[in-house]
Amino acid sequence: MTAWSVLFRKEWLEFRRSYKGIWIPLVFLLLGISQPVSFYLLPDLLKTAGNLPQGSVMQIPIPQPMEVMAGTLSQFSSLGLLVLVLAAMAAIAGERRSGAAEMIMAKPVSPLAYIASKWLSYQLLSLGALLLGYLGAWYYTDLLIGPVNPGRALAGFGLYALWFAFCLTLTLLLSTWLRSGAAAAAGTLVTAAVLSILSGTLPKWMGWSPGRLTAHAREFLLTGAPSAQYGLCLGVSTLLLVLLAVVNVIKFKRSSYTSSE
Amino acid sequence: MTEILAVQGLTKRYGGMTAVDGISFTLGKSRATALLGPNGAGKSTTLAMLCGLLQPTAGHVRMAAAEREDRRKRIGYLPQHPVFFNWMTGREYMRFAGELFGLKGKRLEKRADELLARLGLGDAAKRRIIGYSGGMKQRLGIAQAMIHEPELLILDEPVSALDPVGRRELIDLLLALRKETSLLFSTHVLPDAEELCQDILIMNKGRIALAGDIEEIRLTHRKPLVTIVSEQPLADFASTLEKHPFIRSWKLAGSGKELQLEVEESQEARPLLLAELARRAIPVVRFEASYSSLESLFLEVVGA
C-alpha cells in the first residue's frame, strides 16, 4: 500500500467523522433545489402576500428552464464556493500548525503524496457536492418549470466544475504558503472576486481569465454555444490549475515540516 | 563501536541567526545517546534535521548502509508534543502510522496490539484520542514511533512534560527499549541522561560542547576537590595557600567559613593541607576529599 492511498483514505475517514462529507453536499443540494422551487412558487407567494389592490393585473414572466439552471449555478458560485473554501482552508495549514503534519512527514511520505492526497480528496468532495446540487436543480426544474436540454446542462456543469477546481487548488496552495487557514480563505475569495469582476468589466482583455468560465457556462446554458475566446479561457484555466498544484508541492517540499517556527 | 548514523558539518541558519553551527558526531549502534543542553541550544532543530523534517543549510546526515534510501524508513520519531488526529482511536492511529511505513494486514494488527498493550494502552485502544491524557498521548507517540521496529528511535524531550510518576514509568520503558534499538533523545536534565545513556552529546549555542562515552567523560574530566569547613573565616588561610603549585583554584562559600579547593592530585595535597591546618590551629569542622560531579562539568561546558 502506498503512502498516497493511506493518506487519501485518512482524508475520507476525516470527512466522515467530521461530517464534512455530509453537510457540504447537503448545502449544495439545498441551494440547487431552492432555485427552481422558489421560481415555481413565486406567483403563489405574491398572491398570498395579498396587499395588491382589487383588479390589478400583474405579469410575471415565466422563466425559461435554462435560465433557472443558470441561476442555480450563480447560487453555487457565491454561497457554494464560500462553503467549500471555508471547509478546505485549513486542510494543510491546520495540520502543519498543530504538528500532525510533522508526525506524518517523519514517516517515509513524499511531499507529492501528501499534497496529492489532500488535493484529490477535496476535489472529489467538491465535485460530488456540486454534482448532487446540480442534479437536484435539474430534477426540480424538469418537474416544475420545463424540460432541460441535457447537452447544454452538462457543458455548463463541466465549465463550472473547472472553475471550482481552480478555486480549490488556489485555496490549498495558499493553505501551504501562508500557513494560515483564514488567510488562505480570504486570499481565494478575493482572487475569485477580482477575476470575476475584471472578466465582467474588461471582457476584451480578460479573455484568458478563469473568471470567464462562469460566463461561458451561462452562455452554454442559455444559447448552447460559448462566447468568444472560449478555447483560450479553457486552456489557460487548465494550465493555471496544474501550475498552482505543482507550485503547492514545491512550496511544501521547501518548507520545514516542523510546527514551531 | 559500529556506527548507525553519522553527521557531518550540520548547519541550520534562519536569516542571520545560526541555530545549529556545523556540528559533527556519530551515533553508535545499539547505544543510547542523550543530547543534552540548555533550552535554545539547538537540540530540537538538530533532531528535526536528523529526521528529515528540516532541510539543513549545510552539511549532511548519513545512515549506515543507506546512501540513497529514505532514512525515515529506519527511524522512529517522537516530537516534543506529539499531535494525533483526535477523531481517530488509538488503534486506528497505530494502523495509520504502520501503513505509512508500508506495513499491512495481520502482521500490522498484531504489532499494533502488542505495542499498545506494552505501553499500557490496551484498554484505551478503542477510544478516541481526544479523551487521552497527556501521559497517554506521550505513550501512544512512542508506540507509533516503534511500529516499524526502527533501528534508531529519536525522542525530543520525552520526559520534560511528565509528572514524577510518568517520568519514572517512561524511563523504565526506555531502559527496556534500548535493548531493542539504538536510542537518541534530547533533554535538559542531566540525571535522566546519566540514568539512561551510555553516550552523551552536550550542545550549547548550536555547537557540540562535549561528546563521548559518559563513563569516560566522567573519568577524564573529573577534578579532585578538597572542601574544608571551619568555625572561623578561612579567607586568610586561603590566601596563604596560593604559593602551593598543586592548588588550581579556590573559592569561599558559607560566609567565608567553607573553602572549596580544586587541587592537582589529592593524594599529595591532603597531607600538606592537613599539616597547614594543624600548624595554624584552625578549628576544622569538616575536611573532605572528593571529585567534581558530572553536573558541575555540564554547567561548566554550557557556560552557566
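How far is the sulfur of A:Cys233 from the closest cysteine sulfur, and in which residue does that sulfur lie?

1. On the cysteines. The model under discussion is a predicted one. The closest cysteine sulfur to that of A:Cys233 belongs to A:Cys167, and because the separation is 12 Å, it is too far for a bond. A:Cys233 itself has 0% relative accessibility, and therefore counts as buried. In chain B, the sulfur of B:Cys197 has its closest cysteine sulfur in B:Cys51, at 16 Å, which is again too far for a bond. B:Cys197 counts as buried too, with a relative accessibility of 6%.

2. On a threonine in chain A. A:Thr171 lies in helix 7 of chain A, which covers residues 150-177. Is this residue, A:Thr171, buried or exposed? Its relative accessibility is 0%, so A:Thr171 counts as buried. The side chain of A:Thr171 has a polar contact of 3.0 Å with the side chain of A:Thr188. When neighbours within four places in sequence are set aside, the residues in contact with A:Thr171 are A:Val85, A:Ala88, A:Met89, A:Ala184 and A:Thr188.

3. On the interface between the chains. The contact between chain A and chain B involves 26 residues of chain A and 26 residues of chain B. Together the two chains bury about 2500 Å², and 68% of this area is on carbon and sulfur atoms. Counting pairs in which both residues reach pLDDT 80 or more, 10 residue pairs are in polar contact across the interface. On the side of chain A that touches chain B, the elements giving two or more residues are helix 1 (3-17), helix 4 (93-98) and helix 5 (100-105) of chain A. Helix 1 of chain A supplies the largest share of that side, with 8 residues. By residue type, the side of chain A that touches chain B comprises 13 nonpolar, 5 polar and 8 charged residues.

4. On the salt bridges that join the chains. How many salt bridges are found across the interface of chain A and chain B? There are 2 across this interface. In one salt bridge, the side chain of A:Arg9 meets that of B:Glu99, at 3.2 Å from N to O. Another salt bridge joins the side chains of A:Arg17 and B:Glu92, at 2.8 Å from N to O. This pair crosses between chains, with B:Glu92 in helix 2 of chain B and A:Arg17 in helix 1 of chain A. A:Arg17 has a relative accessibility of 24% and so counts as partly exposed.

5. On helix 2 of chain B. Why is helix 2 of chain B described as largely enclosed by the rest of the structure? The reason is that 9 of its 11 residues, within the range 90-100, are buried. Among these buried residues are B:Glu92, B:Tyr93, B:Met94, B:Phe96 and B:Glu99. The buried residues of this helix pack against helix 1 and helix 5 of chain A, and also against helix 3 (105-118) and helix 4 (134-146) of chain B. Just after helix 2 of chain B, B:Gly102 has a positive phi of about 90 degrees.

6. On salt bridges within a chain. Over all chains, the count of salt bridges is 28. One of them joins the side chains of B:Asp172 and B:Arg168, at 2.9 Å from N to O. These two residues are 4 residues apart in helix 5 of chain B (residues 164-177), so about one helical turn separates B:Asp172 from B:Arg168. B:Asp172 is partly exposed, at 41% relative accessible area, and B:Arg168 is partly exposed, at 32%. In helix 9 of chain B (residues 266-279), B:Glu276 and B:Arg279 are 3 residues apart, again about one helical turn. Their salt bridge has its closest N and O atoms 3.4 Å apart. Here B:Glu276 is buried, with a relative accessible area of 9%, whereas B:Arg279 counts as exposed at 60% relative accessibility.

7. On a network in chain A. A network of salt bridges links A:Lys10, A:Glu11, A:Glu14, A:Glu95 and A:Lys118.

Notes
Residues numbered from 1 in each chain as written. Chains lettered and ligands numbered in written order. Predicted model: local features only at pLDDT ≥ 70, side-chain atom pairs only at ≥ 80, totals over all residues. Heavy atoms only, no water. Buried < 20%, exposed > 50% of the residue type's maximum accessible area, 1.4 Å probe, protein only. Polar contact = N/O pair within 3.5 Å; in protein donor to acceptor, adjacent residues only side chain to side chain. Contact = heavy atoms within 4.5 Å. Buried area = accessible area lost by both parts, 1.4 Å probe. Salt bridge = Lys/Arg side-chain N within 4 Å of Asp/Glu carboxyl O. Nonpolar A, V, L, I, M, F, W, Y, C, P; charged D, E, K, R; others polar. Disulfide = S-S within 2.5 Å.
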